Amino acid sequence: MTQLETAMAIMMKVFDTYAAGEGNPGTLTKGEAKTLLEKELPGLMKGAKNQAGVDKILKDLDFNGDSEIDFSEFGVLVCTVACVCHSRCSKK
Ligand SMILES: [Ca+2]
Ligand SMILES: [Ca+2]
């Protein structure tokens, strides 16, 4: 596989691993999403600082308002974080 294909496969695997924890295996509950963020994006979580920050991230992520994070919503999060990192890195 190419690097980009590998990156996408990893994204899917990470999502599926955490989504399988509780409730619907195809979506992340708030608890699952929190665990995923804490374990896979610790840098982002440090920036969130407190529980209110975490709740806001999760609320902002849930575009269709069904209280679950599906793969497309997760994809937006990863892209958003990647865009922030990319613009920071390319400015240096
Ligand atoms: Ca789930
Ligand atoms: Ca949702």
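This is a predicted model: local features need pLDDT of at least 70, side-chain atom pairs count only at pLDDT 80 or more; totals for chains, interfaces and linings use all residues.
User: Start with helix packing. At what angle do helix 1 and helix 2 pack, and how far apart are their axes?

Analyst: Two values describe such a pair: an angle and an axis separation. Helix 2 covers residues 30-40, and it packs against helix 1 at about 135 degrees, the axes being 9 Å apart.

User: Which orientation class do helix 1 and helix 2 fall into?

Analyst: The class follows from the angle, where over 145 degrees would count as roughly antiparallel and 65 to 115 as roughly perpendicular. The angle here is about 135 degrees, so helix 1 and helix 2 are oblique to each other.

User: Is the crossing of helix 1 and helix 2 left-handed or right-handed?

Analyst: Helix 1 and helix 2 make a right-handed crossing.

User: How do helix 1 and helix 5 cross, and within what distance do their axes come?

Analyst: Helix 5 spans residues 71-91; its axis and that of helix 1 come within 11 Å, and the crossing is at roughly 125 degrees. Helix 1 and helix 5 are therefore oblique to each other. Helix 1 passes helix 5 with right-handed crossing geometry.

User: Next, charged pairs. How many salt bridges does a search of the whole structure find?

Analyst: The cut-off to keep in mind is a side-chain nitrogen of Lys or Arg within 4 Å of a carboxyl oxygen of Asp or Glu. The search over the whole structure gives 3 salt bridges.

User: Which salt bridge links distant parts of the chain?

Analyst: To see this, check the sequence separation of the partners. Asp 55 and Lys 30 form a side-chain salt bridge, with 3.7 Å from N to O. Asp 55 is partly exposed because its relative accessibility is 28%.

User: Where do Glu 38 and Lys 34 lie, and how many residues apart are they?

Analyst: Both residues are in helix 2, 4 residues apart, which is about one turn of the helix. Glu 38 is partly exposed at 41% relative accessibility, and Lys 34 is partly exposed at 24%.

User: And where do Asp 60 and Lys 56 lie?

Analyst: Asp 60 and Lys 56 are both in helix 4, again 4 residues apart, about one turn of the helix. Their salt bridge has an N to O distance of 2.8 Å. Asp 60 has a relative accessible area of 43% and is partly exposed. Lys 56, at 51%, counts as exposed, because the exposed class starts over 50%.

User: Now the loop between helix 1 and helix 2. What is the exposure of Gly 26?

Analyst: Gly 26 sits in that loop and is partly exposed, at 39% relative accessibility. Between Gly 26 and Asp 55 there are 29 residues in sequence and 21 Å in space, C-alpha to C-alpha.

User: Last, the surface. Which residues make the nonpolar patch?

Analyst: Leu 4, Met 8, Met 12 and Phe 71 make a nonpolar surface patch of about 390 Å².

User: Which helix gives the most to the nonpolar patch?

Analyst: Helix 1 (residues 3-19) gives the most, with 3 residues. Leu 4 is in helix 1; its relative accessible area is 60%, so it counts as exposed.

Technical notes:
Residues are numbered from 1 along each chain as its sequence is written. Chains are lettered from A and ligands numbered from 1 in the order in which they are written. Side-chain values use heavy atoms; hydrogens and water are left out. Patches are made of residues with over 30% relative accessible area and no salt bridge: like charges are joined within 9 Å, nonpolar side chains (Val, Leu, Ile, Met, Phe, Trp, Tyr) within 5 Å. Accessible areas come from the Shrake-Rupley method with a 1.4 Å probe; for residues, only the protein chains shown count as cover. Helices (H or I, at least four residues) and strands (E, at least two) are DSSP runs, numbered from the N terminus. Buried means under 20% relative accessible area, exposed over 50%, partly exposed in between (1.4 Å probe, protein chains only). Axes are lines fitted to C-alpha atoms, for helices over the stretch in contact, and angles run from 0 to 180 degrees between N-to-C directions. Angles under 35 degrees count as roughly parallel, over 145 as roughly antiparallel, 65 to 115 as roughly perpendicular and the rest as oblique. A crossing is left-handed if the near helix is turned anticlockwise from the far one by less than a right angle, and right-handed if clockwise.
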